[in-house]
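Visitor: I would like to learn how to read the sheet, the core and the helix packing in a model of this kind.
Guide: Then let us take them in turn.

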Amino acid sequence: MNWEVILAPYEQVVEELKVKLKGMRKQFEHESRHSPIEFITARVKPIPSILEKAERRQVPLDQIADEIQDIAGIRVVCQFVDDIYTVVDMLRERSDFTILEEIDYIKSKKSSGYRSFHMIIQYPTETIHGRKLVTAEIQIRTLAMNFWATNEHSLNYKYKGRIPEKIQKRLQLAAEAAFNLDEEMSKIKSEIQEANRIFHRL
Ligand code: 0O2
């Protein structure tokens, strides 16, 4: 398999979406409005990770593009939980891609404790062979959810997906602590935003 050729459209889509979503953030800044987007990260799934997922789900190699929806991944990190839904609403209004699926792991968290909003989209990109529809996953989460997920992801990697029960329990407690932090911060959102405005004026 020529991975460079296979992954090229995904690389292209990740770059295009990164520019577009960063542009949204900039527009809020220019209008001196609170940006619901704190930062954006993006990546193309590494080949070993694609192969591992394909094997785990028994997906034949020629069906990877249809079955694995997060080869192109964009992450939008927000300050507050309601910013997530502002971003979701803005993405629903866009006409440059089609939403295939939405999964709200905030309203119904995963058993691991994972929380995030996932949007699976189909994004048309132009290639030298014409238009190609590429599937991508946009994950939208708060800073606290991101902190938790990043640490849990590292532990999962360390323990090869079999995190000891004791640590799993701690992670579930940590997930609830992160959720409570988001709730508390939401209660003083307007205070924080005003403080941020004063701070940025200095
Ligand atoms: P990476 O390294 O981020 O690419 P699955 O079959 O469970 O792996 P599925 O059905 O494709 O996943 O979709 P799902 O559950 O929405 O997961 C897709 C991505 O969401 C994952 O990609 C993670 O980025 C994130 N995610 C989902 N569940 C968890 C979780 O419990 N903990 C953490 N830390 N992240 C999660 P990958 O391929 O796992 O990893």
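This is a predicted model: local features need pLDDT of at least 70, side-chain atom pairs count only at pLDDT 80 or more; totals for chains, interfaces and linings use all residues.

Visitor: In which sense do β2 and β5 pair, and over how many bridges?
Guide: Strands of a sheet pair through backbone hydrogen bonds, either parallel or antiparallel. Two strands count as paired if DSSP finds at least two bridges between them; strands (E, at least two residues) and helices (H or I, at least four) are DSSP runs, numbered from the N terminus. Here β2 and β5 pair in the parallel sense over 7 bridges, and Cys78 stands opposite Thr142 in β5.

Visitor: How do β4 and β5 run, and how many bridges join them?
Guide: They run antiparallel, joined by 11 bridges. Tyr123 has Val134 in β5 as its bridge partner, and a hairpin links β4 to β5 through 2 residues.

Visitor: What is the strand order of the sheet?
Guide: The order is β1-β2-β5-β4-β3, in an open sheet of 5 strands with mixed pairing. β1 and β3 (98-104) are at the edges with a single partner strand each, so one side of each lacks a neighbour in the sheet.

Visitor: Which residues have the most contacts inside the largest nonpolar core?
Guide: In soluble globular proteins, nonpolar side chains tend to be buried together. A nonpolar core is a set of buried Ala, Val, Leu, Ile, Met, Phe, Trp, Tyr and Cys residues joined through C-beta atoms within 7 Å; buried means 20 or more other C-beta atoms within 10 Å of the residue's own, with C-beta atoms placed from the backbone. The largest core has 29 residues, and Val76 and Ala136 have the most contacts inside it. A second, separate core of 6 residues includes Ala144, Trp148, Ala149 and Ala178.

Visitor: At what angle do helices α5 and α6 cross?
Guide: Two packed helices are described by the angle between their axes and the distance between the axes. Axes are lines fitted to C-alpha atoms, for helices over the stretch in contact, with angles from 0 to 180 degrees between N-to-C directions. The axes of α5 (residues 143-158) and α6 (residues 165-187) come within 9 Å and cross at roughly 165 degrees. The two helices are therefore roughly antiparallel, a term for angles over 145 degrees.

Methods:
Residues are numbered from 1 along each chain as its sequence is written. A residue is buried if 20 or more other C-beta atoms lie within 10 Å of its own, exposed if 12 or fewer, and partly exposed in between; C-beta atoms are placed from the backbone. Angles under 35 degrees count as roughly parallel, over 145 as roughly antiparallel, 65 to 115 as roughly perpendicular and the rest as oblique.
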